[in-house]
Amino acid sequence: MFPAMTQFFDDMRIGEEIAIGAYTFTQDAIIAFAREFDPQAFHIDPGAARASAFGGLIASGWHTAAVWMKLMVVHQAAAARAMLARGEQPAKLGPSPGFRTMKWLAPVRPGDTLSYSIRFAAKEDWPKRPTWGLLVTANEARNQHGVLVFQFEGLVLVERRQGVTAAQED
């Protein structure tokens, strides 16, 4: 069985990594996203972008983040369907109390293909909700050359099999 965000908190192992998919950024997609959500010249106008500090059109950082979310949701749904087909019950994901340290480390240009991943970085108790645990994830995207271009630390509540604490699991 491969690691998935459908596992119960109790079954998640620190260090497990999930490849959630890849996405190729096209010039049209970069411009369309930026026109609606981040209309800066270096995202929407190739000529102006060439004259910018970036020397060419680049994707909005929010576009790279939105693709991570899209791929995570698609991966999550596929993993849940696979579990249900095997007669297993996927764990529920609760709300996310936020994220930490989001970084855009290198420009994403038309034609770049980013591969996105999630790694289980830490597990923490959530004392007010003993049936849930807080999963800390290290999330990233690397381009086709292996260059790390995007990363953030995510936080999400994950259902436990029972109301045990992380300290009791060890």
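## Ground rules

The model is predicted, so local features need pLDDT of at least 70, side-chain atom pairs count only at pLDDT 80 or more, and totals for chains, interfaces and linings use all residues. Residues are numbered from 1 along each chain as its sequence is written, and side-chain values use heavy atoms, with hydrogens and water left out.

## The overall layout

Let us start with the whole protein. Its secondary structure comes to five helices and five strands; helices (H or I, at least four residues) and strands (E, at least two) are DSSP runs, numbered from the N terminus. Read from the N terminus on, the elements run β-α-α-α-α-β-β-β-β-α. The C-alpha trace spans about 60 × 35 × 30 Å along its principal axes.

Of the 170 residues, 39% are buried. Here buried means under 20% relative accessible area, exposed means over 50%, and partly exposed lies in between (1.4 Å probe, protein chains only). Among contacts between residues at least 6 apart in sequence, 71% join residues at least 24 apart; a contact means heavy atoms within 4.5 Å.

## The sheet

Two strands pair if DSSP finds at least two bridges between them.

| Strand pair | Bridges | Residues standing opposite |
|---|---|---|
| S1 and S3 | seven bridges | threonine 24 and threonine 113 |
| S4 and S5 | eleven bridges | tryptophan 132 and glutamate 159 |
| S2 and S5 | five bridges | tryptophan 104 and phenylalanine 150 |

S4 and S5 also form a hairpin with five residues between the strands, where glycine 146 takes a positive phi near 85 degrees. S5 is mostly covered, as nine of its twelve residues are buried.

In soluble globular proteins, nonpolar side chains tend to be buried together. The largest nonpolar core in this model has 29 residues, and those with the most contacts inside it are Ile20, Phe25, Trp68, Tyr116 and Phe150. Two or more residues each come from strand S1 (17–24), helix H1 (27–37), helix H4 (61–85), strand S3 (113–125), strand S4 (132–142) and strand S5 (148–159). A nonpolar core is a set of buried Ala, Val, Leu, Ile, Met, Phe, Trp, Tyr and Cys residues joined through side-chain atoms within 4.5 Å.

Which residues does isoleucine 20 contact, leaving aside its neighbours within four places in sequence? They are Trp68, Leu71, Met72, His75, Tyr116, Ser117 and Ile118.

## Aromatic rings

The structure holds eight aromatic pairs. Rings of Phe, Tyr and Trp (its six-membered ring) pair if their centres lie within 6.5 Å; planes under 30 degrees apart count as stacked, over 60 as edge-to-face and the rest as tilted. Tyrosine 23 is partly exposed, with a relative accessible area of 21%, whereas phenylalanine 25 is buried at 0%.

Trp62, Trp68, Phe99, Trp104, Phe150 and Phe152 form one aromatic cluster. Elsewhere, lysine 123 lies over the face of phenylalanine 9, at 4.8 Å from the ring centre. A charge sits over a ring if NZ of Lys or CZ of Arg is within 6 Å of the ring centre and within 35 degrees of the ring normal.

## Two residues to look up

Proline 97 sits in the loop between H4 and S2 and is partly exposed at 45% relative accessibility. Not counting residues up to four places away in sequence, proline 97 touches Trp126, Leu134, Leu155 and Val156. Proline 97 and valine 156 are 59 residues apart in sequence, yet 6.5 Å apart in space, C-alpha to C-alpha.

Isoleucine 44 belongs to helix H2 (residues 41–44) and is partly exposed, with a relative accessible area of 25%. Beyond four places in sequence, isoleucine 44 touches Ile31, Ala34, Arg35, Pro39 and Leu57.
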